Amino acid sequence: MDTGTLYRIAGPVVVAKGISARMYDVVRVGNEKLMGEVIQIDGEKTIIQVYEDTSGIKPGEPVMNTGKPLSVELGPGLLTSIYDGIQRPLPVLQERMGDYIKRGVDAPGLNHEKKWEFKPLVKKGDPVKGGEFIGEVEETPGVMHKIMVPHNASGKIKEIKPGKYTVLEPVAALEDGTEIAMRQLWPVRKSRPARKKLTPQMPLITGQRVFDSLFPLAKGGVAAIPGPFGAGKTVSQQQLAKWCDADIIVYVGCGERGNEMTEVLKEFPELTDPKSGKPLMNRTVLIANTSNMPVAAREASVYTGVTIAEYFRDMGYNVAIMADSTSRWAEAMREISSRLEEMPGEEGYPAYLSTKLAEFYERGGRIIPFGTDKEGSVTIIGAVSPPGGDFSEPVTQSTLRVTKTFWALDAKLAQRRHFPSINWLTSYSLYMDTLEPWYAQNVSPEWRGLVDQMMKILQEEEKLLEIVQLVGSDALPERQQITLEVARMIREYLLQQNAFHEIDTFCELKKTELIMRTILHYSKLANAALDHGTRIGSVLGIKAKDRIAEAKFQKEYAQLISDIQKEMDKEFDNL
Amino acid sequence: MKEYKTITKIAGPLVFVEKTDPIGYGDLVSLRLPDGQLKNGQVLDTSHDLVVVQVFEGTSGIDKQSKVKFLGDTIKLGVSEDMLGRILNGAGKPIDGGPDMIPEKKLDIIGAAINPYSRDSPSDFIQTGLSTVDAMNTLVRGQKLPIFSGSGLPHNEIALQIARQAKVIGQKEKFVVIFAAMGITNEEAQYFMKDFEETGALAKSVVFLNLADDPAVERLVTPRMALTTAEYLAFEKDMHVLVILTDMTNYCESLREIGAAREEIPGRRGYPGYMYTDLAMIYERAGIIKGKKGSVTQLPILTMIGDDITHPIPDLTGYITEGQIVLSRELHRKGVFPAIDVLPSLSRLMNLGIGGKKTRDDHKQISDQMYAMYAEGRDLRGLVAIVGEEALSEKDRRVLKFAEAFEDKFVRQGKREDRSIADTLDLGWELLNSFPVRELTRISPELKKKYYKGVEQ
């Protein structure tokens, strides 16, 4: 093996001499064999970022080049796992190092001892190509893990047998002698290929009214969710991870709080998937690199996550990956870049920041995999933490250029406990038109019309509020006072949603639609009543309208909403 | 152990040494000046050609003849239970005239990250006796909740009141306070010490003092010393530890000083690009570990430069900590103590620590309702300034009155007033009773039935 010596150590970046490495090769640093990655080559000097703490490492210690890029292990056993940024399972680390993360421990991403029940999908003599399925394993109840031919292999099956195998044992052999095991290695910085790339067409249903109605995201789409601290980024991300209708969830806690990760670790296993009724954890992979874990591993964690997501996509699944937060990832890049003494771009970020962000988000998308005609998709939802909540900073701006759904969090809304605190005036979704046919067919032909009316009223409210600021609300014409009231109803009954309420935490599309309809029903009746000369006071005093809020907290909402509408009709008749 | 006399450059707090044997990164360094004085430092950068040492006591008096000794080990702190009741300097040496302590063990002060899988989720409600904290921004055990203050605001009084009154209802485990002062004035330090002595709190405290005239570089180790002690007492001696770090702004200034001396490329406002990671390595040392009885709760204090919450120090802090308590100059001017502005304040772990079994069933909803009403009231004040109160609707006037009463009765309390959570919530209802029941949209009908005794049943 190619071995050299350490020349200089300054924090997480070290310099080695005497190895001839390629860019992004994984190297082993020092006597303790800490894991590192080559990030620059300068004459005889090789510059390496180290994924673990470098305290006490001395110049002259050995450096070994493995000659391989940073890769993840892919295969059965990924689901329900909890990894650090470089795919070391946290429970294994706990077993080997205790409650604190120390260094120098190597742990494979998959359990190499566990046996899985393998069922072949092809038989002897069948021709197979890279990416095609040769068998499957029921990884967790209800989730079939397809075993694929590695991308560089093809030929006729010589041997394949059902039975119990570990991930390293060959389950099949090709006629040219290639043995296929369930485990595959894939370099994290390289995206996995697909047979065909498609444009997104179906919504990712999130169960969150504000997202599903006003700012929908498509399966295979990319969304950014920026917001200052305290605006509810993490809660929003977790809500999406819990309730969105993807088949597989990859949740990357990148440079975030330890206690929050613990909450995720504790809560997810207790939650059930509203679709399958099985534990949510069964479809989830968690990656936790907290803010005090080594900075280079933070940089890698996002790639580890998206590679795992692509792998499940290739089985024909809809995968959603949440990265919380991409700003921490960008800052990790900045930190490494400044230690390399690279010429900084805007605000000290490296000049290649936007390229890296674009490359990452490009790994999302809807595709047809090699192995099946069933489409797969990777939906990326990236949280952004702009300093001071200022959206003009480089990470937010570079992200905006590549994402199509923008969910802007607003600290002001959070302060008045309007959650999720998505600002309806600055957020947008470019998928509205693409998804319109789907909503028309699957929920209601009038869906888009309802949504457009909601937006119109909210925008009108914004204008009216400016006038109210000057003259007070009583001075407005009666019709506009009704608009203000309807806008309030939209905000409180539609947009606000309680993530901590057992029913309200998830809202079906049908319920969202009925709430929108009932609000508009009131608006129609109220305006009609004004036409008949009814006093504004009594129109605003209709009691049934405030009962719409109750529907949010009821499981059996359909009857209730229809009752509320009837009651409303009756009250208006009495006026 | 070899002594080197190969200093080639001295700049700011840094000393550059040439032609050494291989030296470990982060190793402790001892420097002997020609006059016999000893100084300590740490290796910041090491290579075959050059070693960069950061000197904790400052470089004044060091010349090229000074001798440098590399101790071959990273900075460690000797810890023992005897530290309770002691006053130490910023580098962990006793300064109270008492005897030297015999350490039970020596711990690396950098501290490793707790494996997220080993953490237990914080969920014990800490009653601080301050209504604005308990009802609106609840502190739980294992949380890190900073106080964002401004110069001249009473953050010290508030921190002391919390330290004095904090308790978990119905539990009698040993509760200790670790107080780490970084770059505070002698007068402030005296104020803290006096309070500690008067209330008898010193006996169950460990105090680390790095005063304004102490070396700035020492400030970088002070919080780490304090947290190492905290982890030891919490996870090895089963104690519940509250760590007060004041003032983190001074800490960050020191960080910037070192960065500048190393000629690093500066980030925002001249602070180093790695400040987020550096702060995280301090703040993240709070929490609870599964199977351990103790806990570390952090209450860092920082003064916002120019009262600007978007300044890098409060900004990065807010992204790491689990919420923040923000003090308001406006309330302080009005004579309201504690001048806590609940609107920008937040406790992210609040929902884990409140509710029926822990505090009371109406806690969450009453807090949301008061938030919503107070936020509206504050907006209306702006409106009143333009159009006058007469132009407001009946409801708006009620909201406006509520906002006044909220500040005057709910936020304001005495410096020795220790309100129980039940009293705090009852007080909240007392204020909300001024609204007709239908205007309390954030509270469920059942709870309104149970607690509401207002103008309209």
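**Where the chains meet**

Arg416(A) and Asp379(B) are joined in a salt bridge, with 2.7 Å between the closest N and O atoms. This pair is taken from a predicted model, and the rule finds four salt bridges across the interface of chain B and chain A. Helix α10 of chain B, residues 363-387, gives the most to the side of chain B that touches chain A, contributing eight residues.

**The interface of chain B and chain A**

- The contact involves 70 residues from chain A and 75 residues from chain B.
- About 6200 Å² of area is buried between chain B and chain A, and carbon and sulfur atoms give 54% of that area.
- Across the interface of these chains, the rule finds 30 residue pairs in polar contact, counted where both residues are at pLDDT 80 or more.

**Domains of chain A**

- The domain assignment divides chain A into domain 1 (2-69), domain 2 (74-101 + 195-429), domain 3 (116-182) and domain 4 (447-574).
- Taken over C-alpha atoms, the centres of domain 1 of chain A and domain 4 of chain A are separated by 63 Å.

**A sheet in chain A**

- Four strands of chain A, in the order β13-β12-β10-β15, form an open sheet with antiparallel pairing.
- The edge strands of this sheet, each pairing on one side only, are β13 (143-148) and β15 (163-165) of chain A, while the twist from one strand to the next averages 40°.
- Strand β10 of chain A, residues 116-120, pairs with β15(A) in the antiparallel sense over three bridges, and Trp116(A) stands opposite Tyr165(A) in β15(A).

**Domains of chain B**

- Chain B is divided into domain 1 (3-74), domain 2 (77-352) and domain 3 (363-451), and the C-alpha centres of domain 2 of chain B and domain 3 of chain B lie 32 Å apart.
- Between these two domains, 34 residues of domain 2 of chain B are in contact with 25 residues of domain 3 of chain B.
- The area buried between domain 2 of chain B and domain 3 of chain B is about 2400 Å², with carbon and sulfur atoms giving 53%.
- Ser131(B), Met136(B) and Leu343(B) supply 24% of the area that domain 2 of chain B buries against domain 3 of chain B, more than any other three residues.
- Four salt bridges are counted between domain 2 of chain B and domain 3 of chain B, and the side chains of Asp341(B) and Arg378(B) meet in a salt bridge at 3.2 Å, N to O.

Technical notes:
Residues numbered from 1 in each chain as written. Chains lettered and ligands numbered in written order. Heavy atoms only, no water. Pairing = 2+ DSSP bridges. Helix = DSSP H or I, 4+ residues; strand = E, 2+ residues; numbered from the N terminus. Axes fitted to C-alpha atoms, helices over the stretch in contact; angles between N-to-C directions. Domains from an automatic or database assignment. Contact = heavy atoms within 4.5 Å. Buried area = accessible area lost by both parts, 1.4 Å probe. Polar contact = N/O pair within 3.5 Å; in protein donor to acceptor, adjacent residues only side chain to side chain.
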